[in-house]
Amino acid sequence: MNRFAACLLRCFAILLGYAAASLGASAFLNLIFLGAVFGPQDASAVASSGSLFFSVPFVALFVAYFGFIPAAAIILIAEVLARRDWLFYALGGGVVAAVFIGFLHQAADPDFQITGVSPALTVIGAGMVGGICYWLTAGRWAGSWRDELGA
């Protein structure tokens with residue numbers, strides 16, 4: 001496989017992995033929100049009503065938007081170092097979420113902040129779930145384009 005095709009295939013895998021990470025983090029946030037707002041009996045009824053088919057991809061758009069720059073840095077580091085272990089991606093997702101919380105803290109709008117410990121840990125947990133979802137789809141082959149090029 002030539003160099004261009006290997007890099008193009010890897011970029012497609014990274015894009016697919018980022019989409020999976022955004023959807024995974026969104027699903028985690030939706031399920032935590034359902035458990036917090038509704039009781040155990042009502043949450044299962046709401047989850048089975050089909051509303052998650054709309055809310056998970058919708059929230060994933062926001063997750064992907066707000067986490068893009070720090071996630072791109074983590075993905076670049078992983079590709080250069082050829083890190084293929086799940087723990088790196090889980091901790092990287094947590095770092096991406098922590099950077100997002102830091103950006104929210106620096107925002108000019110005081111209503112757009114996470115001030116409690118529990119919501120902050122929920123966002124960090126969602127980042128870790130997103131990192132594991134990225135590892136499942138694209139991270140296990142990080143740096144494989146270098147192997148194919150003979151570098």
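Modeller: What follows is a conversation about a predicted model, in which each label is set against its cut-off.

Biologist: How do you know that the length of helix H6 agrees with its number of residues?

Modeller: Helix H6 covers residues 117–137, and at 1.5 Å a residue its 21 residues should span 30 Å; the C-alpha atoms at its ends are 30 Å apart, so the two values agree. Its buried residues include Ala120, Val123, Gly127, Tyr134 and Trp135, and what covers the buried residues of H6 includes helix H1 (3–37), H4 and H5.

Biologist: Why is the pair of phenylalanine 66 and phenylalanine 100 called tilted?

Modeller: Seven aromatic pairs are counted by the rule applied here. In the pair of phenylalanine 66 and phenylalanine 100 the ring centres are 5.4 Å apart and the planes stand at 45°, so the pair is tilted, given that stacked requires planes under 30 degrees apart and edge-to-face over 60. Phenylalanine 66 belongs to helix H3 (residues 52–66) and phenylalanine 100 to helix H5, so that the pair links distant parts of the chain, 34 residues apart.

Biologist: Why is phenylalanine 100 called buried, and why is phenylalanine 66 called partly exposed?

Modeller: Buried means under 20% relative accessible area and exposed over 50%. Phenylalanine 100 has a relative accessible area of 17% and is therefore buried, whereas phenylalanine 66, with 32%, is partly exposed.

Biologist: What makes the pair of tyrosine 89 and tyrosine 134 tilted?

Modeller: The ring centres of tyrosine 89 and tyrosine 134 are 5.5 Å apart and their planes are at 40°, so this pair is tilted. Tyrosine 89 lies in helix H5 and tyrosine 134 in helix H6, so the pair ties together parts that are 45 residues apart in sequence; both tyrosine 89 and tyrosine 134 are buried.

Biologist: How do you know that arginine 10 and glutamate 79 meet in a salt bridge?

Modeller: The rule asks for a side-chain nitrogen of Lys or Arg within 4 Å of a carboxyl oxygen of Asp or Glu, and the side chains of arginine 10 and glutamate 79 meet at 2.6 Å, N to O. Arginine 10 is in helix H1 and glutamate 79 in helix H4, 69 residues apart, and arginine 10 and glutamate 79 are buried.

Biologist: What is the distance between the closest N and O atoms in the salt bridge of aspartate 85 with arginine 83?

Modeller: In that salt bridge the closest N and O atoms of aspartate 85 and arginine 83 are 3.2 Å apart. Aspartate 85 has 28% relative accessibility and therefore counts as partly exposed, and arginine 83, with a relative accessible area of 32%, is partly exposed.

Biologist: What is the phi of alanine 82, and where is alanine 82 found?

Modeller: Most residues other than glycine have a negative phi. Alanine 82 has a positive phi of about 55° although it is not a glycine, and it is found in the loop between helix H4 (68–81) and helix H5 (86–106). At 29% relative accessibility, alanine 82 counts as partly exposed.

Key: Residues numbered from 1 in each chain as written. Predicted model: local features only at pLDDT ≥ 70, side-chain atom pairs only at ≥ 80, totals over all residues. Heavy atoms only, no water. Helix = DSSP H or I, 4+ residues; strand = E, 2+ residues; numbered from the N terminus. Buried < 20%, exposed > 50% of the residue type's maximum accessible area, 1.4 Å probe, protein only. Expected span 1.5 Å × (residues − 1). Contact = heavy atoms within 4.5 Å. Phe/Tyr/Trp six-rings, centres within 6.5 Å; stacked < 30°, edge-to-face > 60°.
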